[in-house]
Amino acid sequence: MPDFIAPDGYPRCHWCGGAPALLPYHDSEWGFPVADDQQLFEKLCLESFQSGLSWRTILNKRENFRRAFHHFDFHQVARFDEDDVQRLLQNAGIIRHRGKVEAAINNAQRAIEMVAQEGSLAAFFWRFEPDADALATPQTQTTSPESIALASALKKRGWKFVGPTTVFAFMQAIGLLNDHSLTCITRERAEQARQQFQRPV
């Protein structure tokens, strides 16, 4: 698929031409490595909410999600109860899907367990970084052996709404792989960030 030519005249990944909000997200976040546990939890939650929807819909509602979920502080979200579920299901600013809301609360509880067991979410997720030399052509797949393995590992630990496709989108977003198109001007910056990134252990 041809690249999107941005207003500055330079090519970007085709998907970021779909709405104005997508370009800054693409240029400053997507594919850049993340090690902060709260940010990782947010990104995985939002990818779960995105399932069956467009990322543009989620991005437009991201600030509403952040307010509703205490900026995805998983220690706070883990304490949500049925009253909180009802509050969220009445919040028109987010995706009102009971299964996804309950999954976010469940996953916050599982995140606390993971930090206790692994030291951090980052240390666990970055173990699934694929070999860059073995990657498919950018944006030609929606799952990978690593996303299948990570989804399986999460499900075994009790996480929900974390199928291989959702997990692959999460891996793309947090820079576990550089999936910017080969001609995208942001690809080199993302790769430089990945090279300079200190992998968590």
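Trainee: What is the handedness of the crossing of α9 and α10?

Mentor: This is a predicted model, where local features need pLDDT of at least 70, side-chain atom pairs count only at pLDDT 80 or more, and totals for chains, interfaces and linings use all residues. Residues are numbered from 1 along each chain as its sequence is written, and side-chain values use heavy atoms, with hydrogens and water left out. Helices are DSSP runs of H or I, at least four residues, numbered from the N terminus. A crossing is left-handed if the near helix is turned anticlockwise from the far one by less than a right angle, and right-handed if clockwise; for α9 and α10 it is right-handed.

Trainee: How are α9 and α10 oriented to each other?

Mentor: Axes are lines fitted to C-alpha atoms over the stretch in contact, with angles from 0 to 180 degrees between N-to-C directions. The axes of α9 (residues 145–156) and α10 (residues 164–173) come within 8 Å and cross at roughly 110°. Angles of 65 to 115 degrees count as roughly perpendicular. Therefore α9 and α10 are roughly perpendicular.

Trainee: Which residues of α10 make the contact?

Mentor: Contact means heavy atoms within 4.5 Å. On the α9 side, E146, S147, I148, L150, A151 and L154 take part. On the α10 side, the residues are P164, V167, F168 and M171.

Trainee: Which helix gives the most to the lining of the largest pocket?

Mentor: On a 1 Å grid over the protein atoms alone, a pocket is an open set of points with protein on both sides within 12 Å along at least five of seven lines, and lining residues have an atom within 4 Å of a point. The largest pocket holds about 530 Å³ of space, and of its 20 lining residues the closest to the centre are W30, Q50, W55, A169 and Q172. α1 (22–28), α2, α3 (55–60) and α10 each supply at least two lining residues. With 6 residues, the most comes from α10.

Trainee: Which helix supplies the largest share of the lining of the largest cavity?

Mentor: A cavity is a set of points where a 1.4 Å probe fits but cannot get out. The search finds 1 cavity of 30 Å³ or more, and the largest has a volume of about 40 Å³. Its lining is Y25, E42, K43, L46, E47, W55, R62 and A173. The largest share, 4 residues, comes from helix α2 (residues 37–50).

Notes:
Parallel < 35°, antiparallel > 145°, perpendicular 65-115°, else oblique. Points joined across faces, edges and corners; volume = space filled by probe spheres on them.
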